[in-house]
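Subject: Structure for you to look at

Hello,

Here is the structure I said I would pass on. My notes on it follow below.

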Amino acid sequence: MATSINLLRKYVWIVDTIRNTGHITLAEINEMWRDEKNINI
């Protein structure tokens with residue numbers, strides 16, 4: 001169950017990031033992902 005919640009949290013983070021930036025490259029998402037402390041569980 002906890003694994004499912006963590007996976008869902010990661011998907012929500014990705015969708016939220018794309019929606020908030022409007023245009024973002026995969027490289028930028030990867031950089032933000034590495035820098036994000038709350039998502040790297």
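A crossing of two helices is left-handed if the near helix is turned anticlockwise from the far one by less than a right angle, and right-handed if it is turned clockwise. By that convention, the crossing of α1 and α2 is right-handed. Please keep in mind that this is a predicted model.

The helix pair

Helix α1 covers residues 2-21 and helix α2 covers residues 26-35. The two pack with their axes 11 Å apart, at an angle of about 130°. That angle makes α1 oblique to α2, because angles over 145 degrees are needed for roughly antiparallel and 65 to 115 is the range for roughly perpendicular.

On the α1 side, the contact is made by K10, W13, I14, T17 and I18. From α2, the residues that meet them are I29, M32 and W33. By type, the residues of this contact divide into six nonpolar, one polar and one charged.

The tryptophans

The count of aromatic pairs comes to one. The pair is formed by W13 and W33, with 5.1 Å from centre to centre and 80° between the planes. The arrangement is edge-to-face, because planes over 60 degrees apart count as such. W13 lies in helix α1 and W33 in helix α2, so the pair ties together parts that are 20 residues apart in sequence.

W33, with a relative accessible area of 23%, is partly exposed.

T17

T17 is found in helix α1 and is one of the residues that meet α2. With a relative accessible area of 7%, T17 is buried. If its neighbours within four places in sequence are left aside, T17 is in contact with I24 and M32. M32 is among the α2 residues listed above for the helix contact.

E36

E36 is found in the segment after α2. Its relative accessible area is 25%, so E36 is partly exposed. From C-alpha to C-alpha, E36 and W13 are 9.8 Å apart in space, and in sequence they are 23 residues apart.

In looking through the model, I would take the helix crossing and then the ring pair. Two packed helices are described by the angle between their axes and the distance between the axes. A pair of aromatic rings is described by the distance of the centres and the angle of the planes.

Regards

Technical notes:
Residues are numbered from 1 along each chain as its sequence is written. This is a predicted model: local features need pLDDT of at least 70, side-chain atom pairs count only at pLDDT 80 or more; totals for chains, interfaces and linings use all residues. Side-chain values use heavy atoms; hydrogens and water are left out. Axes are lines fitted to C-alpha atoms, for helices over the stretch in contact, and angles run from 0 to 180 degrees between N-to-C directions. Helices (H or I, at least four residues) and strands (E, at least two) are DSSP runs, numbered from the N terminus. Angles under 35 degrees count as roughly parallel, over 145 as roughly antiparallel, 65 to 115 as roughly perpendicular and the rest as oblique. Contact means heavy atoms within 4.5 Å. Ala, Val, Leu, Ile, Met, Phe, Trp, Tyr, Cys and Pro count as nonpolar, Asp, Glu, Lys and Arg as charged, and the others, Gly among them, as polar. Buried means under 20% relative accessible area, exposed over 50%, partly exposed in between (1.4 Å probe, protein chains only). Rings of Phe, Tyr and Trp (its six-membered ring) pair if their centres lie within 6.5 Å; planes under 30 degrees apart count as stacked, over 60 as edge-to-face and the rest as tilted.
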